[in-house]
Each structure stands twice: as C-alpha cells, then as structure tokens.
Amino acid sequence: MKATQLADLAVKKALNAGATEAEAYVQRTNTVLVTFAEKIENLKTVESTGIGLRVAVGKKTAIYASSILDEEEIYNVALKAVKIARVTPEDSHWKNLNKRFAKTPVEGCYDKKLETPDYKEITETLTSAVDCMKNYDKRIRPTRSLFITSVENVSVANNHKESIERNGTDVGIYLTAKIEEAGINSTGGEEQQARTWKEIRFEDLATKTAEKAVKYLKAKPIPSGNQIAANILAIFLSGPINADWVQKGRSPLSGKLGKQVASENVNLSDDGTMRGGLRTRPFDDEGHPTQSTPIIEKGVLKNYIYDTYTAFQDNVESTGNANKSYGYWTKPQPSPNNLILKPEKTTSEEIIRETRKGLYVEQTIGEWLSNPVSGNLNATVTHGFLIENGKETQPVNGVIIAGNFHELLRDGVEMIGNDLRSSMGVGVSTCSPTVKLAKLTIAGK
Amino acid sequence: MGESKESLLERILDQASTLGASYADARYQCFDDESIVVENKELKSFSSRRLNGIGIRAVVNGAVGYASTSDMSKNRLDKTLQSAFKAAKSIKGQKQIFAETKIDKIKVKSTAKIDPGDVPPEDKFSIVLDANKAAWVNDSVKNAVTRLGLTKDSRLFMSTEGACVEVETTLVGLAHGSVAKVNGTMENVNDLGESRCLGFEFIKSEDWNSFTAEVSRLAIEAAGSKSPPPGTYTVLVDPTVLGLVLHEAFGHASEGDIVSSGESVLNGKLGEKLASDSVTIIDEGIIEGGYFYPFDDEGTKKEKTVIVEDGILKNFLHSRNTAHDVGGRPTGNARAQDFDNLPIVRQTNYYLKPRDNKFEEMIEDIEFGIYVKGKGGGGGQVETGIGTFTFGVGPSKIIRKGELAETVRGVVISGFILDTLKTVDAVGKDLKIITSVFGGCGKDAQRATVGFGGPHVRVRKMTVGGR
C-alpha cells in the first residue's frame, strides 16, 4: 500500500476507534552511509519506515508510533493511540488540528540521481577526495570521515484533509585529517550539507581540510583578556523565537515583540521556501504550507514561529514551522526551517583589515553548550587565529570565548559580511555571513 | 508472524553463506519506547512507539556491506540481503579481518519486576504530574518540565559462526528542568535525574517530588549568582563532571577505531605513563547505577576492561575488527544504536576507580578554587585528535581558604586531557555511576546509552571560562 493511502487509512481507523481528531504522519527514508579514513571502511544502506499517529478524544491527546507499515499494524496503532488518549488529562488549550493543507512551490530540494545511488561512483569520488588530502602534504593522515545521502518521502493526512506528499533529498560530507610532527598534533576538518549531489565540493573541502591541519601545527593558546572582537555564527535564537518557549515562560524574548532586541544592522528571517535550503520543503510536518517569516527587522523583533497548536493560543496563523525534529514518533513542535541572517556589504577580508586586535574563529567545539535562556554563550576555539593591526598572525587553539548573546546582539554586532554559509549547527539549518562581534571575553592560559 | 526470530535469522544466514559470504551476521531488534512530558502542570505529550527490524552484515571478498530494513516480509528481507552484498562488492581493495571471539549461545535480561508495558498509562502520568507540581517552590519559578522515559530494548544476534545471543534491557528514568527568574535574570537548570536498568518498580520507589523541588531551588540560586573570573584554577570535580570529561576526552580516544585511524591522541602510547599514579580507568559492562550491557552487537561478552592502571595506559576498547587491526582482544565494545546501524566501537560504563581521600581532605588546602558540579550542566565536546575538551558544568561553588563559599553559574571548563590527567593529585573514596534513559553519547551519527562516573577528584590546573 502506498504511503499516502496508509496515512488516510490510519486516520480512518483512529476515527472508527473513537478519536474525534486524528493526524497521521508516514515517513519512508532510504539512506546510504559510507565511513572512510585512508580507505573506504564500510558502506551501508538503510531502509526505514514509520508512522506517527496523533489523536484527540475531545481535548485529550496522545501519540502512538510504529516502524511497521502494514494494515494490521495500522489498526493496532490506531487502537493504542485512542486507548492512551482516553486516560490522559484534558489539554485546555487544545482546539483542533491543522485545516490548511497546501504545497508552497520549492526548488532545488530533490536530486533524482540519489533515488538509485551509484555506489561505485560514490566510493571512487570519496577515494579521490582522500587522495587530494594526501597529495596536499605528505604528512597528512586522513582520519575518520563520513558521507551520507538520503531520500525521504513524507505523507501527512488528518480528519480535515486527505493526505499530501512531499519528497526531499539530502547529501552530507564530513572530512577530517590529522598531522603529527615532533610530538605536536594538529587536526583539520570541513563539512558540507546540501540537497543535491552536484553541490558538494569534494576536492575543495579536501584541500581546505588538509590546509587547516597544516596551518594549525603552529597553534597555541593565548593569554586571557577582555574585549577582544571575535567572529561567531549566530545560532542562538531557535529556541527563544519558538512560540512554545514564549508561551511557556522559557524565552528571554517573551513580551519583546515590536521592541529593539538587536542592533539596527541585524535582519533575520526564517524561510522554509528558499531555493535548495537544507530544511526547505513545500509543507511542514502538519501539512501546513511553508513560508518566509521576518523575525528581526532592523533590530526589531517582528514575529515568533508557530505550529497550529501554538498559533491558536496567540490567535494567529501557523507560520508553517511544525517540525518533528526528533522523529516521526514525536509531537510536532515549532522550530526554524532555515534561519537566515541577512548579509551586508563588507567582505570578510575587509572585516579582518579593519580589526586592530581580534580573534578570527574558524571552528569551535561545545558552542551548543551555550544557554539560550540566560544568554550565556561559550565555546572552545579549536581553530582560530589572531588578528593584529588588520593582519592574520598567530594560529590559536584551546581558548574559551564567552559572552552574553542577548547583549552581543543588542550592541556587540559591529560588522556583518557579504558572504553566506549554510550549516546544520545544533540540528538547525542556519545561513550566516561572517560577523564581527565585540564584547566577548577570552579565557586562555 | 508465525516464524520464530531465530529461524528467520538462520534462514538469512544460510542464504548469505550460499551466496558466497565468508562471514555474515544478522541482528533482530525490537525497541519499545514511551515518553511522558509534563510542562507547567499540564501534559505536554504522551508518546509511545515500537521499533522493529533486521540488519544484515555480510563480508564478501574481505569487504563489509550492510543493509537493514524494518519491513520483515520475505521479499523485503531477500532484497536487503542483496543490498548488503551489493554494498560490499562496491568497496575495492579493502580487507576487514575479524579477530577471534568466543562463540556464545545465551539469553540474558536486566532485572525488571514490573514491565513498564504492563503499567496503566494513568498511573505513569500521575507520577510525572505530581513531580512537576512539586517543582513550583515559589514565584521565581517560571517554567518547569518533567519527563518520564521508559524503554525496553530486545536484541537477538546470530552469526554464520554459530553465535546466538539474546539480550533484553529495560531502562527507566525521570528528568526535570526548571527556569527561574530573579531580579530580571533568567536561568535554567536541566537535570538528567535518575535512571536505572530496572522495571517500573524503580519509578515507584523514588522520591521525585524532592528531586524536582531541589532542581528549582538550584535554578533560583544560580539566577541570583555571578560567574567566576576566567583563568586557571585548582578545581575539585564531582563524579558527574569527572565521568563526562573522562568519557568524552579520554574514553573516545581509547576507542579502537579512533586509534586505528590514527586520529587518537593515545595512538602508540600503550604502556606509557599518561596520568598521575592515582588514576585507574575502567570500562565495565555491568555495574551498579550504570547501563546493563552484558554482550555487544557482535556477540562478544563485555567484561571488565582496564584502560589505565596507576597512570599507565594498558588497553584500548575493541570490536573484532579493531582488535585485529590494532592488536589485542575484542573487548565487547562493538555497539550499534539500533538495527539500522553497523556496530562501531563504543564505551559501556566508563569510570575512574576510587581511592581513599575524604571530601574535606581534598579541599582543605585549596586557597582559591572551584568545586565544579555536574547537576544542571550542559554536557561537553572534545576534539579527540588533540584531546581538547570543553564542558559547561552546572551551578558550582567557589572554594576559599579550604571551605565551600558562594555559588557561581555559567562555568565552563576546558583543557587538554593528557595535561589535565597529570595534574590529578587526589582521588576520593566515593563512587557514583550514572546512566540516563534520555541522554546518550553520539558518534558517527549513532547514539548509545552509556554509563559514566567515578569519585570526587582534585585537579591542580584547569582552565575555567565564565563571565
């Protein structure tokens, strides 16, 4: 049975079992994953399926999910979901499921080539990327790296609307290399995620990985100090702009709509429709069409992001941000589609030139440990370099950068670059240019 | 499905041999997972799922291919086996050799008196709701989220060498997070709480209301406190932080695949003195408080592996393949997140062995330092190639003239693990091992439930970041 039919069937069975509302989400993914270092180590293919059924009995709700997609199991899932919902307490905020099903036209999110992945082409391309690293410098040792492609098919149906279907593909590569010389270790790493095979810059990434490893052989920690400008990616907002966080009292941006929360050069939007965006799709995980939503305009907070449930509470429309970020078996919740910090005119070279004393941060670890509620930002720099009088000087590692994100956003964003890089930092698709920040502290030796 | 899982896997393995695999194994898994979340005294979500499927690994001409499916019809399984062969055949010039391992035929289970699946949903919900209500200790609390997690993981492993190992592990736990606002400053404390490899009897026996109230009080205290000035200090590390740092910064570097690829900072250092004399580090499959892991996903028994003994590096953690490549015996550390994944080398319960110092003895000669605590911490990350680690710890205490003083928040510790372990100069006599049904360790896009911990230890030099 087709996925769309299974979704419709699950809704029907749930209503028969006594649900007043039901929403079925059926997912099929085919993944190819290759692990490699100096050589290809493994290649695996994974076919996974699942259904997540959300039901309401009056104002009582529950979700039941299964990885088995046959008619008998669908019936079982419907019975169990309704059985659990009946004994849960009422949710006073519950109104109804999404009634607006539609597809926003999107481009660059599906690569037909990946439907039938050519294993030979994949392994040969990866082998030549590895060779490219080794040819850059004889001392380079390629270390554990990953390549992944996936094809995803999702169908959503509920008691208001018949099923709709979407397809998407993803490709990702994560390269690492190491150099050891005279007892000193240095590493390099680059990654790229995209929606199509031809976007992946295999050779370029391999060369950059090797370059980085060589460059950071000379790295060392620097002394502690205050007020050193630094460049970091803006990934701090996905929680606080989520309407659920706002409504539940967790967001530091509660009550700030229409207020200045950032300096005037900051323009941020969430766009589920951008061409080839890492989380671009025609509709969200409730079947609601995606859109572009302004979040911060000239430093002023304009909108939060919503799913159907949170939209009802604020008496607004969903922004098409219902996401099952943790899997088909979880409840959809608001989260960003593609967060975009709008680029300005300055090149990153100009930013460096105009910095008297600063730290250029290329790569950090632990930045996700930052606390979006208090705004405490911290990360350990593994790859960075000092900027002195507009010039790149000493490579630096092993220092902690720290600051308060909300203060930085208000009066620490000195310059925004004209470049734009997509990444999946902390599981959120983010596009950000190079940013020069003041008011970070550095802890070193 | 009438056919037993054993005969299903046996049929696949027979077919694999016929098709020319020099070795093959098949893993069946059934995973039940239930999660109840209560936020601000209301049910946020009640979700359950069952995950079911088979993964097939085939070695053809020395290369390893893997394929998995959650559709267990005969047609689909045949296709999955073919995919595994196709994957193996696309890899050129590779020979993966598996070291010998003892072939077992055994069934084991963790202790669970009450199967979580037999408990009525309303009974589960009421425990979570009561715990959430108890978190609202005063008006400073602005948000409270309580989570109950119940899992049962049944795995069957069979190989063409004749192994047949069945393991069933039940893991249950409750976690809580509170957000407090004091004089306009917000702070949140998320605590993984307590999880055990026991049945629902564990959930019924614990005092969760005191636990959530304590998390709230800590959030309130932290919201009203400052961060320490950045710099390098003497720190006393609690078992949670120690366990996390060891797991991330040393444990991963001791994993055979990372050693074998040359990425590990421990590469070529077997037999070397890497830590102070008082440091002994162990990885063990079954230990009080930890995750129950008697056999790995290659059917190898997980015994007690001594990684570091009195400061000297003794062993690495191995799968059958890394044991062959690096040299050593398989240690039962080949673990797969689920049937969708190939086993890779992972830690089980990784901890530092206690010695004989009392808590007071360890802080009495610290003029100015920090007692670094894990509760409400954020976790950490490491670059295994160099051994750089960074951790966001929970609200902690300043140590002044040998005594605990005020609370500090927003504390981040960082260092190079091989330097840090050399400055461990006192190890406590206590031992706490922690596991969690909610968290897990991530590596190569796979998650695994692990245990970690140890006693309190004193570290002479640690870089501390803060504001």
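**Exercise 1. Find the strand order of the open sheet in chain A and name its edge strands.**

Start with the order: chain A holds an open sheet of 6 strands, β10-β9-β8-β13-β20-β19, with mixed pairing. Here strands (E, at least two residues) and helices (H or I, at least four) are DSSP runs, numbered from the N terminus, and two strands pair if DSSP finds at least two bridges between them.

Next, look at the ends. β10 (300–301) and β19 (421–423) of chain A each pair on one side only, which makes them the edge strands.

β9 (residues 292–297) of chain A meets β10(A) in the antiparallel sense over 2 bridges. A:Ile296 has A:Leu301 in β10(A) as its bridge partner.

A word on conventions before going on: this is a predicted model, where local features need pLDDT of at least 70, side-chain atom pairs count only at pLDDT 80 or more, and totals for chains, interfaces and linings use all residues. Residues are numbered from 1 along each chain as its sequence is written, while chains are lettered from A and ligands numbered from 1 in the order in which they are written.

**Exercise 2. Work out how many residues each chain gives to the contact, and which strands pair across it.**

Count first: chain A contributes 61 residues and chain B 69 residues, with two residues in contact if their C-beta atoms, placed from the backbone, lie within 7 Å. On the side of chain A, strand β2 (residues 40–57) gives the most, with 9 residues.

Now look for pairing between the chains. Strand β3 (residues 60–66) of chain A and strand β2 (residues 42–60) of chain B run in the parallel sense over 4 bridges. There, A:Ala65 stands opposite B:Arg49 in β2(B).

**Exercise 3. Decide how the radius of gyration of chain A relates to the globule rule.**

Begin with the inventory: chain A has 8 helices and 21 strands. Its radius of gyration is 24 Å, close to the 22 Å from the globule rule for 445 residues, so chain A is as compact as a globular protein of that length. The radius is taken over C-alpha atoms, and the rule is 2.2 Å times the number of residues to the power 0.38.

**Exercise 4. Locate the two domains of chain B and give the distance between their centres.**

Domain 1 covers 5–223 and domain 2 covers 231–465 of chain B, with bounds from an automatic or database domain assignment. Their C-alpha centres lie 22 Å apart.
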